[in-house]
Amino acid sequence: TLGFDTLISRIAYNFNVYFLREIPHSIMPLNIRPTMFGPGEVLPLLLSIILVLIFIAGFIWAFANRQYLLTVYGTFYLIIVMLWPQVWSGNRFILPITPLFVYFSAYLFYKLREVLREKIPLIFRDGLVYILALFLLIISVKNIYACGEAVKNYPPAWANYFKAAEWARDNLPEDAVISDRKGGLFGTVSRRKCVGFLTSPD
């Protein structure tokens, strides 16, 4: 049963996951994800707050300029995500609107460039844009490599999972039926029919 206290706890948890981890990581793919705990997390947390504030400022500015379709859609989407059970919290649900995070963040700098057009010389104004773009490019290339290294090998639990599927493929009869929570994955590797089972706490 979802009570008021549970709902508030869920929203607070999802706020930490999305606004202090996943959304900043979507805007600028730094190879850091703050947890808000521990002295070593101060810098990642600070960077996340700055990136989220940039996104929110661009979002508000876009709404003020009557970009209602994107802002209203993004608002309702994030409300639903914030209310979703914590067990599924993660970047999978915000992937469809990740371009909006980047767009609103870039929109803020675009509007600031217009505001400062008459106040800052062209060479400095455009130079900052190119420096920022180069910085993002370098970070993206670095993190693509880091991501590739991170997923090169499965975590131990998943490695054993797929080894079990390979064993089933090599040792079980072709008409065997396997009960598995993720039948699509296990069935693809084992080449055997897989069926689900009722929800279990274990």
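The legends below accompany several close-up views of a predicted model of one protein chain.

View 1. The chain has 202 residues, and 29% of them are buried. Among the contacts in the chain with a separation of 6 or more, 56% are accounted for by residues 24 or more positions apart.

**View 2. Confidence along the protein chain.** The mean pLDDT of the protein chain is 82, and 83% of its residues reach a value of 70 or more. When the elements of the chain are compared by mean pLDDT, helix H3 has the highest, at 94, whereas helix H5, which covers residues 122-150, has the lowest, at 70. The pLDDT is below 50 over residues 34-40, a stretch that has twelve contacts in the model beyond near neighbours in sequence.

**View 3. The packing of helix H1 against helix H3.** Helix H1, made up of residues 4-27, packs with H3 at an angle of about 120°, and the axes of the two helices are 7 Å apart. This angle makes H1 oblique to H3. On the side of H1, the contact is made by Leu 7, Arg 10, Ile 11, Asn 14, Phe 15, Tyr 18, Phe 19 and Ile 23, while H3 contributes Leu 78, Val 81, Met 82 and Leu 83. Sorted by class, the residues of this contact between H1 and H3 are ten nonpolar, one polar and one charged.

**View 4. The crossing of helix H3 and helix H4.** The axes of H3, which spans residues 68-83, and H4, which spans residues 98-115, come within 11 Å and cross at roughly 130°. The two helices H3 and H4 are therefore oblique to each other, and H3 passes H4 in a left-handed crossing. In this contact, Leu 70, Thr 71, Tyr 73, Gly 74 and Leu 78 of H3 meet Leu 100, Phe 101, Tyr 103 and Phe 104 of H4. By class, the contact of H3 with H4 has seven nonpolar and two polar residues, and no charged residues.

View 5. When its neighbours within four places in sequence are left aside, Lys 111 is in contact with Trp 61 and Asn 65.

**View 6. Arg 66, in the loop between helix H2 and helix H3.** Arg 66 is not a glycine, yet this residue has a positive phi of about 65°. Its place is in the loop that runs between helix H2, covering residues 42-64, and H3. With a relative accessibility of 66%, Arg 66 counts as exposed, since that word is used for values over 50%.

**View 7. Arg 191, in the loop between helix H7 and strand E2.** Arg 191 is a residue other than glycine, and its phi has a positive value near 60°. The loop in which Arg 191 is found lies between helix H7, residues 183-190, and strand E2, residues 193-195. At a relative accessibility of 62%, Arg 191 counts as exposed.

Note on methods: Residues are numbered from 1 along each chain as its sequence is written. This is a predicted model: local features need pLDDT of at least 70, side-chain atom pairs count only at pLDDT 80 or more; totals for chains, interfaces and linings use all residues. Side-chain values use heavy atoms; hydrogens and water are left out. Axes are lines fitted to C-alpha atoms, for helices over the stretch in contact, and angles run from 0 to 180 degrees between N-to-C directions. Helices (H or I, at least four residues) and strands (E, at least two) are DSSP runs, numbered from the N terminus. Angles under 35 degrees count as roughly parallel, over 145 as roughly antiparallel, 65 to 115 as roughly perpendicular and the rest as oblique. A crossing is left-handed if the near helix is turned anticlockwise from the far one by less than a right angle, and right-handed if clockwise. Contact means heavy atoms within 4.5 Å. Ala, Val, Leu, Ile, Met, Phe, Trp, Tyr, Cys and Pro count as nonpolar, Asp, Glu, Lys and Arg as charged, and the others, Gly among them, as polar. Buried means under 20% relative accessible area, exposed over 50%, partly exposed in between (1.4 Å probe, protein chains only). pLDDT is the predictor's confidence in each residue, from 0 to 100.
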